[in-house]
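Hello,

Here is the structure for you to look at. My notes follow below it.

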Amino acid sequence: MKLKKYISILILMFVTSFTFSQVKFEAKVSKKKLGVNERLRVDFEMNQDGDNFNPPSFSGFTVVGGPNQSVSNSWINGVRSYKKTYSYFLAPKKQGNFTINQATISVDDETYKTLPVNIVVTAAVDKPKDPNDPNYVASENIHLVAEISKTNPYLNEAITVVYKLYVSPNTGVDNWREIDSPRYNDFWSQNIDMKGQKVQNGTYKGEDYRFLVLRKTVLYPQKTGKLNLEPLSLDITVQVPTNRRDIFGSRLMTRAHRTVSAGSKTIHVKPLPEKGKPVDFTGAVGDFNFNVSASKTELDASESLQVKVGVSGKGNLKLFKLPKVSLPSSLEVYEPEHTENVKTNLSGMQGNISDSYTVVPQYKGKYPIPSISFSYFDLKTESYKRLSSDEIIIDVLEGPLNNDSNSNTTHTNVGKQRVVLNNDQFAFIKTNTSFSSIKSTYFFKTPLFWSALLLPFLAIPLAIIIRKKKATRDADVYGNRIRKADRLAKKYLGNAKKALGNKEAFYIALEKALHNYLKAKLHIETSDLSKDKVIDLLKDKQVDDIVISDFVSIIKNCELARYTPITNVEMQQDYEKAAKTISLIDKQAR
């Protein structure tokens, strides 16, 4: 009987150990059906630690949080319980049926996979309006708006899109990242430089808000009809006030994630009118000036001149071609050099473009550069305009005669002669020169010689003056003490100054600087940095009570600033107050 009992216990222990040795790796979701405006949590759980965890691609979703890793390890009645979890937070991109595909992990050189999970995304659902729910408060106080200058422009007319993030005064934004960026299909686009942007005050739907301009883009539509602008979407970490308060009566803040989108916009692009459209119209839209000029009108054969065709003004300067110059066949014409000097701001492109032709006459005579014209569509009058240049006569004074025609007769335009480029065309021109002096020069008795000789004697009075100044400065004990105190304040507050504008990093650096200064000044350890002891030590050093009170208030500000919204102005004031207080303590301490 005893033998059977022992055998039963061994079998039970074997089965139990085998059961607990089985690897479990599964995917769990917070819900299998959700609205497009809700979030989905996906947990990948395993009962043994593994390596090379690979999550699925989460097709159809945007990862707004994670991966967050947690480990639970416990012993109950001698039995070990282990659980490791990878968590992701997802936001659906659109409605439909989606699948969370398999994740993989390696345990003891074996690969394990989770089962796919089907998710149904429905239309947006109404969420309960709970004023104590941070997500609801965030949704009511954060808005992303796309402001479009004109929704029915002409083809190739400039429009601007300005993206503004509105934040209510009682909330704050820690950071944000772009989830979806518009690609502006069927538009020529250029982003405007946004460096140095500051938070501004404004109104949104009749209420006071703060706003920040995130992006400014200039668009030129390249197609007519109904064009869609893709939305800009952001994932934002929001600081939301709660109903709880700290010991000083200030509201405590909590963080919430919020996905905001500017929404899709529709632009109705009008075609340019066909009535009155010139034959030579190449798509220029705006307000322009046209000019054709020659660098010189009188020269000899084999000399060169530049013929410049230019357009200046405001409009789509980079999106059309300049008219070509038609010259007599007796003039060699090289391919033009195209130059652009165009700046783009909120009103569109402004500047000038030009084609510069190099022209070389071969024979003596007079050659006309005929008048050429440039046509564009004027947005102000909504009509076509034509600008024409004056005829230019090129007079070649010296050179061989053209046997095909009389040199005194003006040549007619019989077509442009193709120029065959030759690498030895200007081989006779020397580009480097080497000159040598025919008269020898000597350093002796030169101005540089006398200057070098007299300079040491002139430096003696200057050294005496500098030495006296230094002695006077060293004797000024009070002034040296003030200067030392100012240098000390700058030394300890250097890192805090670099972090101005970043609230959390700034106040951490400021608090650390104040503690380091106290340890160096009062010769105490970090464990002794209590408020009462610091006050007693500063009083023993004969520091004024007002200065001590200011120092303690700054330390309190560092502790409270992590839980309350702080502006850049308040951070600058705390920095200046800390620098002044450290300087005063160093001057007064005995």
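**Strands β4, β8 and β9**

I105 has Y112 in β9 as its bridge partner. Please keep in mind that this is a predicted model. Strands β8 (residues 104-107) and β9 (residues 110-113) are antiparallel, with four bridges between them. Two residues separate the strands in this hairpin.

N54 sits opposite T104 of β8.

**E45**

E45 lies in strand β3 (residues 40-46). Is E45 buried or exposed? Its relative accessibility is 14%, so E45 counts as buried, the cut-off being under 20%. The E45 side chain makes a polar contact of 3.0 Å with the side chain of K28. Leaving out residues up to four places away in sequence, E45 touches K24, F25, E26, K28, K83, K84 and T85.

**Helix α8**

Helix α8 covers residues 545-560, 16 residues in total. From first C-alpha to last it reaches 23 Å, close to the 22 Å expected. Its buried residues are V547, I548, F551, V552, I554, I555 and C558. Viewed down the axis of α8, they fall within an arc of 150°, so they line one face of the helix. Their cover includes α6 (503-522), α7 (531-540) and α9 (568-588). On the face of α8 turned away from the buried side are the exposed residues D545 and I546.

Best regards

Key. Residues numbered from 1 in each chain as written. Predicted model: local features only at pLDDT ≥ 70, side-chain atom pairs only at ≥ 80, totals over all residues. Heavy atoms only, no water. Expected span 1.5 Å × (residues − 1). Buried < 20%, exposed > 50% of the residue type's maximum accessible area, 1.4 Å probe, protein only. Arc of directions from axis to C-beta. Contact = heavy atoms within 4.5 Å. Polar contact = N/O pair within 3.5 Å; in protein donor to acceptor, adjacent residues only side chain to side chain. Pairing = 2+ DSSP bridges.
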